[in-house]
Amino acid sequence: MDQTKEIDIDLKKIFLMMRKKVVYILLFTLLGGIVAGCFTEFFIDQKYTAKISLYVYSDMNQLSTQSSISYNDYTASTALVKSYLAVLESDAVLDKVAEKVGLTDGSTIKNSISTSQDEDTNVFYVSVTTTNPKTSQSIANAVAEVAPGEIARIIKAGGANVIDYAKEPKSPSSPNIKRNIFLGLLIAFAVFVYFFVREAFNATITSVKDLEREFQIPVLGTIPRLVATRDKQAPPTDSGQIAPPEPPVSMKGDA
């Protein structure tokens with residue numbers, strides 16, 4: 001029963017503290033969102049992503065005969081995708097892509113390219129992310145032109161056809177300013193609540209008001225803190241020794 005009462009008092013204390021400071025909580029939370037939004041807008045570079053998609057096939061005859069694909073062909077094509085992705089990210093392919101867009105070598109674009117595969121399918125995607133939308137589009141389309149021929153030359157099994165070429169991205173893919181603002185609001189609110197909770201569970205008595213609130217009894221009086229002071233020493237003599245204290249003055253008159 002006492003434990004339940006203690007929890008109720010603590011929760012009530014937290015609620016009362018937060019209700020009194022609701023304006024400060026809102027201002028602090030809003031400030032966190034503003035700071036996160038400004039930091040995202042002015043200190044993080046916007047990046048644009050262009051994407052192409054390719055279809056992998058295992059039998060060259062399918063292109064000329066237009067025959068339907070069998071389950072074995074489909075399974076073989078799906079198994080080839082991982083090999084194709086490994087070859088696509090190699091220096092041999094990326095160097096040719098870089099040359100096509102007027103860059104020195106593939107190392108300058110390697111970190112900008114990412115690949116992914118649809119689960120259990122023979123379709124894969126190549127995404128190019130840079131700080132310029134036109135650059136992202138041109139590199140992605142260069143990959144679409146170079147990769148199928150280079151993959152077929154290296155692996156010598158099956159091939160890849162381009163499904164969709166890249167379009168110029170109209171909006172940045174990152175950073176997500178709305179998400180960052182929301183995270184800023186959430187973090188600021190959590191920090192403010194943390195200090196409230198820590199203060200609510202602090203059992204240290206620091207004032208008369210704390211005594212009255214915790215024990216619900218009136219305070220009849222307080223004892224001031226007494227600070228001990230050292231006796232003053234007599235000033236030193238000319239020889240450097242401390243002079244003895246002067247004798248007390250007699251209050252008797254002459255006889």
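Modeller: Glu145 forms a salt bridge with Lys100, and their closest N and O atoms are 3.2 Å apart. A salt bridge here is a side-chain nitrogen of Lys or Arg within 4 Å of a carboxyl oxygen of Asp or Glu. The pair links distant parts of the chain, since Glu145 belongs to helix H7 and Lys100 to helix H5, 45 residues apart. Helices (H or I, at least four residues) and strands (E, at least two) are DSSP runs, numbered from the N terminus.

This is a predicted model, in which local features need pLDDT of at least 70 and side-chain atom pairs count only at pLDDT 80 or more, while totals for chains, interfaces and linings use all residues. Residues are numbered from 1 along each chain as its sequence is written, and side-chain values use heavy atoms, with hydrogens and water left out.

Glu145 is partly exposed, at 47% relative accessibility, and Lys100 is also partly exposed, with a relative accessible area of 47%. On this scale, buried means under 20% relative accessible area, exposed means over 50%, and partly exposed lies in between (1.4 Å probe, protein chains only).

The whole structure holds 4 salt bridges. One of them joins the side chains of Asp91 and Lys110 at 3.6 Å, N to O. Asp91 lies in helix H5 and Lys110 in helix H6 (residues 107–110), so this pair ties together parts that are 19 residues apart in sequence. Another salt bridge, between Glu150 and Arg153, has an N to O distance of 2.7 Å. Because Glu150 and Arg153 are 3 residues apart in helix H7, about one helical turn separates them. Glu150 counts as buried, at 11% relative accessibility, whereas Arg153 is partly exposed at 45%.

Next comes the nonpolar interior. A nonpolar core is a set of buried Ala, Val, Leu, Ile, Met, Phe, Trp, Tyr and Cys residues joined through side-chain atoms within 4.5 Å. The largest such core has 29 residues, of which Ile52, Val97, Ile113, Phe124, Val126 and Val143 touch the most other members. Among the elements that each supply at least two residues of this core are helix H5 (91–100), strand E3 (123–130) and helix H7 (133–155). Helix H7 gives the most, with 8 residues. Beyond its neighbours within four places in sequence, Phe124 has contacts (heavy atoms within 4.5 Å) that include Ile52, Leu54, Val81 and Tyr84.
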